[in-house]
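Here is a short note to read alongside the model, written for someone new to looking at protein structures. Please keep the sequence and the 3D view open while going through the points.

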Amino acid sequence: MDRLLLSLCLIFLSLAAGHAAQHLLCIPRPRLESIRKRLQTFAVFCLIPCSAMLSLWGLPSPDSRLLALPFLGIASWIWGGLLSLRVARALHLDTPRTGSFYCCGTFSNLGAVGALVSVMFFGEKAIAIVALFRICEEMFYFGISFPVARRLGGGEGAFRLRSFRPDPVLLILTALGLGLALNMLGVPRPAPLGSVAAAAMLLATVLFLFAIGLGLRLSRISCYAREAAALAIVKFIGVPLLLVPLAALAGLGSIDGGLPLRVVTVLSCMPVAMTALVPPALFGLDVDMANALWIFSTLALVVILPVLYFVLPLL
C-alpha cells in the first residue's frame with residue numbers, strides 16, 4: 001500500500017507543483033515555455049535513456065521470450081488507435097475531434113508514468129522490461145500515428161521527419177543498444193548503478209510531470225466528459241483485454257515469477273501521453289479536446305492504480 005500511495009503522490013504532487021509554479025512565479029509565458037521544453041527534453045532524452053541503458057545492462061540472463069515485448073508494444077498502439085477510431089465513429093465525432101481522439105487512444109504515457117509505476121511496484125528490474133516494450137515507440141508514433149493524424153486533419157502542416165528531432169530518437173536507441181550489448185558481452189555492471197538507474201527514472205518522472213504542470217491549462221475540460229468516459233473504456237479496458245492475454249500466450253507469466261507479465265499489464269493501462277497534444281496543434285485537430293482527454297485520463301490514475309495494486313498479485 002505504501003508503494004501505491006507513493007506512486008500517486010509523486011505523480012500528482014509533481015503536476016501540482018508545476019501548475020502552482022506557473023501562477024506563483026512571475027515568468028513571462030514564452031520564457032516559461034522554454035523552461036518547460038528544456039526540462040522535458042532533459043528528462044526524455046537524457047535521464048530516461050540513461051536509466052534504461054543501466055537497467056538493460058544489469059538484466060540477469062535475458063530470456064528469449066522477452067523479444068515479444070517490442071511486438072506487444074506495437075500491438076498496444078495499433079489496437080488503441082483502431083479502437084479509438086471505431087469509438088469516435090460511434091460517437092459521431094467530426095473529423096478534427098476524431099483525429100484528436102485517435103491521438104489520445106494510441107499515445108500512452110509509458111516513459112514517465114508507466115516507468116514510474118513499474119519501478120514503484122516492482123523495483124529497478126522493471127525498467128529494462130519497460131525499455132524493451134517501448135523500444136519502437138518513437139518510430140511508430142512518428143512513422144504511423146503522426147501521418148494518420150495529419151490525414152485526419154486534412155493535411156494541414158507539412159509532415160517532415162526532421163521536425164521531430166530524429167537525432168535524439170537515435171540517441172535513445174543507441175543507449176538501449178549499448179545496454180543490451182554490455183549485457184550480452186557479459187560485462188559485469190557495478191552494483192551501485194542499479195540504484196542510479198532507479199533514481200534517474202524517478203527524477204526523470206518528477207521533472208517531466210513538473211514540466212507538464214508548468215503548461216497545464218484546466219479550462220474547458222468539463223465540455224468533453226462524454227469523450228473522456230469513452231476514452232477511459234478504450235485505454236483502461238479495451239487495450240488491456242487484448243494485451244494481457246497476448247503477453248500470457250507469449251509465456252511472459254513464467255519468466256522471473258511473472259514480472260514481465262505484470263509490467264505489461266501496468267503499461268497496458270497507462271493514460272494519454274503528452275505527445276498526443278502535438279499532432280492536434282500541428283494538423284488542425286481539436287486541441288482543447290486533446291488537452292481535456294489527457295487531463296481526464298491522468299486523473300483516472302487515482303482509480304486505476306489501486307485496481308492494479310490488487311489485481312497484479314493475481315497474475
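Predicted model: local features only at pLDDT ≥ 70, side-chain atom pairs only at ≥ 80, totals over all residues.

1. By class, the lining of the largest cavity has 10 nonpolar, 1 polar and 2 charged residues.

2. The second largest cavity has a volume of about 70 Å³, and the residues that line it include S76, W77, F133, K235 and M270. Two or more residues of this lining come from each of α3 (68–90) and α10 (225–249). The lining of the second largest cavity divides into 6 nonpolar, 4 polar and 1 charged residues.

3. How do α5 and α11 lie relative to each other, and at roughly what angle do their axes cross? The axes of α5 and helix α11 (residues 259–267) come within 10 Å and cross at roughly 140°, which means that α5 is oblique to α11. The crossing of these two helices, α5 and α11, is right-handed.

4. On the side of α5, the contact is made by L110, G114, V117, S118 and F122, while α11 brings L259, R262, V263, V266 and L267. The residues of this contact between α5 and α11 comprise 7 nonpolar, 2 polar and 1 charged.

How values were computed:
Residues numbered from 1 in each chain as written. Heavy atoms only, no water. Nonpolar A, V, L, I, M, F, W, Y, C, P; charged D, E, K, R; others polar. 1 Å grid on protein atoms, 1.4 Å probe; cavity = no way out; pocket = protein on both sides within 12 Å on 5 of 7 lines; lining within 4 Å. Points joined across faces, edges and corners; volume = space filled by probe spheres on them. Helix = DSSP H or I, 4+ residues; strand = E, 2+ residues; numbered from the N terminus. Axes fitted to C-alpha atoms, helices over the stretch in contact; angles between N-to-C directions. Parallel < 35°, antiparallel > 145°, perpendicular 65-115°, else oblique. Left-handed = near helix turned anticlockwise from the far one by under 90°. Contact = heavy atoms within 4.5 Å.
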